[in-house]
Amino acid sequence: MLAISAGGGLVWAVWAIAAFACLASSVAVVSFANPFYSALALIGNLGSLAVMYLLVSAEFVAAAQVLVYAGAVMVMFLFVIAYVGPRREAPWAGGPSWQTLGAVLAAGALLVEIVVAIGLSAGGRLSRSEHVNATFGSPEWIGRLFLTDHLLAFEITSIVLLVAAVGGVILGSHTRRQDSGAAPQDAEPRRERDLEAVR
Amino acid sequence: MTEPWWISLLKAFLIVNLLLGLFAYLTLVERKVMGRMQLRYGPNRAGKFGLLQPIADLVKLVRKEAFAPSGAIDIPYIVAPIISAFTAIAAFSVIPWGPGWTVNGWRIDGEVANVSIGLLLVFALGSLGIYGFIVGGWASESKFSILGTMRTCAQLVSYEVSLALSVLGVVLLGRSLNLPEIVHRQGELLPFVAPQFVGMLVFFIAGIAETSRAPFDLPEAEQELVAGYHTEYSGMRWGLFQMAEYINMITLSGLMVTLFFAGWHGPWNLGPIWFLLKMAAVLFAFIWLRTTLPRLRYDQLMRFGWKVLLPVATINAVVTAALVVAFG
C-alpha cells in the first residue's frame, strides 16, 4: 500500500534498482569462485527480492523472506562456509566454459517460457494497475489462507520439516556416541587423571 | 491525516541523533553504575562527574589509527561494522515513543515509521545485523576472530528462536504486528506484562543473549578469545561495532517497554517521558545483571537456550493461544 500511494516515479525507480540488484546478485551467486562471496550475493538476492515483494503490497511476505531466508537460513550457510571453506581465493576466478554456455541457454529458454506463459494468461491486464484491497497480504489474510485453501500443503510442509528435525537429531546424537563413547560419565574421572598427570 | 514528508525527514534526523546521544551517555552511565556497584567512582576526570567522558572517548576513537591486519580481506573487513551499525540504528525507527500530536494542523506521529509489520521488521533487521559480526570476524584473518564469530553465530541463532516465540503471546493479545497498535491496546486493556509475565521473562533473558551482554557475553569472553569477532578492529571501526551493540540494547529495551509495559502510556499523559523512564529502568536492569552474574560456560549456554528457554517460550505461546481462543 505504501509503495502504491507514494507516486509512480518513485515506485519505478525503486523497482528498477531492485530488479537490477536481483539480476546482478543472482549472476554473482553462480559466477563467484569463493563460496563465501556467493553466499553473500545470495543474501543480496533474497534482500532485493524482498524489496520487489514490498512493491506489490506483500509486506508480510517480504519481512518473512528477510527473517527466514536472508536471516536464519543464510546464517547457517555462512557459518559452515566460514568454518571449512577457502578464505584467500579471489571472488572472481574462472572464465567462460561449456557450463556457462549451457546455463545461459537454459536461463534464456526459461525466460522465454515465463514471458509467454504470463503473456498468454494475463492478456491485457498487465497494462493497467489492479485494485488491491486493504487486507491483501496482511498476516491475518495469509494465516486464513494457510488454514483453509492451502491446509494440505501447509500440513505436509510441517511434516517434512519435522522429519528433517528428527533426522538432524539422530545424525547428531549418533556421531557423538561414536566419537567419545560414554563421554558424560567418563568426563569427570578423565579430568582428574589429567590433573594428576600435570602434578 | 498523514504526516507531511518533511516532518518525517526532520523527525528521522532528530531521532537518529538522539539515539546516538543516548548510546554515548549509556556507556558513561554503565561505567558509573558499575563503578558504584563495585565500590569505586567510575570515570570522573573529564568534565564535572565525568560528563564529558563519552566525548573524550569519541575524539580518541576518531583520531586513532584504523589499522587492519595484513591478511585481512579489504572490502568485507571495512563494510562489516557499517552493516552492524546501520541495521542497529534502522531497527529503532519502528519503536513508538509517543501518542502522536497535531501542531498547527500538521500531524506528527509518535514513531519514525508506522509499518504494519513493525515487529517483524525489528526481528528481520536484527537477523541481518548478525552478518556484520560474521563477515567482520571472517575477514579479519585471525583465529580469535573466527572463533568469536562462530560463538556469536551459534548463540544469536539459538536465542533468536526463543526471542521470536516469546512475543507470540503479545501478538495474540494485541491482535497485530503493528507496534503502535499493540501499545494502544495495552492502553485500553492493561500492560501485557500481567498476562504475559512468562513471555516477558523469556524475552528479557533471550534479549540479553541476543545483545551478547553478561552473563551471556561468550562471543567476547576476554579470557578465552581476547575480544571475539572484533579482536582485529581498532579506532572508529571498532567503535561502530560497539555502537551497534549498545544501540541494539537500547532498541531491545524500547521493544520490551512497547510490548510488555504499555509503551508511552502512564498517568498524567506524559507520553515520551514515560517511555524514556521505563526504558531507563530496563537498561538499568541490563547493567545491574552485568555486575551481578558470572559468565555462563558454553555448554550451559546452549543447554539453557534449547532445553529451558525454548520449551518455556513454546508452552507460553500455546497456552496463550488456547486461552485467547477459549475466552477471547
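**Exercise 1. Determine how helices α2 and α3 of chain A are oriented relative to each other.**

Solution. Two packed helices are described by the angle between their axes and the distance between the axes. In this predicted model, α2(A) (residues 8-31) and α3(A) (residues 35-55) pack at about 155°, with axes 8 Å apart. Helices here are DSSP runs of H or I, at least four residues, numbered from the N terminus. Axes are lines fitted to C-alpha atoms over the stretch in contact, and angles run from 0 to 180 degrees between N-to-C directions. Angles over 145 degrees count as roughly antiparallel, under 35 as roughly parallel, 65 to 115 as roughly perpendicular and the rest as oblique. The two helices are therefore roughly antiparallel.

Residues are numbered from 1 along each chain as written, and chains are lettered from A in the order written. Local features need pLDDT of at least 70, side-chain atom pairs count only at 80 or more, and totals for chains, interfaces and linings use all residues.

**Exercise 2. Name residues of α1 in chain B that are buried, and what covers them.**

Solution. Helix α1(B) spans residues 5-37. Buried means 20 or more other C-beta atoms within 10 Å of the residue's own; 12 or fewer is exposed, in between partly exposed, with C-beta atoms placed from the backbone. The buried residues of α1(B) are L19(B), F23(B), L26(B), L28(B) and K32(B). Their cover includes α2, α3, α10 and α11 of chain B. Just after α1(B), L39(B) has a positive phi of about 55°.

**Exercise 3. State the secondary structure of chain A.**

Solution. Chain A has eight helices and zero strands. Of its 199 residues, 16% count as buried.

How values were computed: Expected span 1.5 Å × (residues − 1). Contact = placed C-beta atoms within 7 Å.
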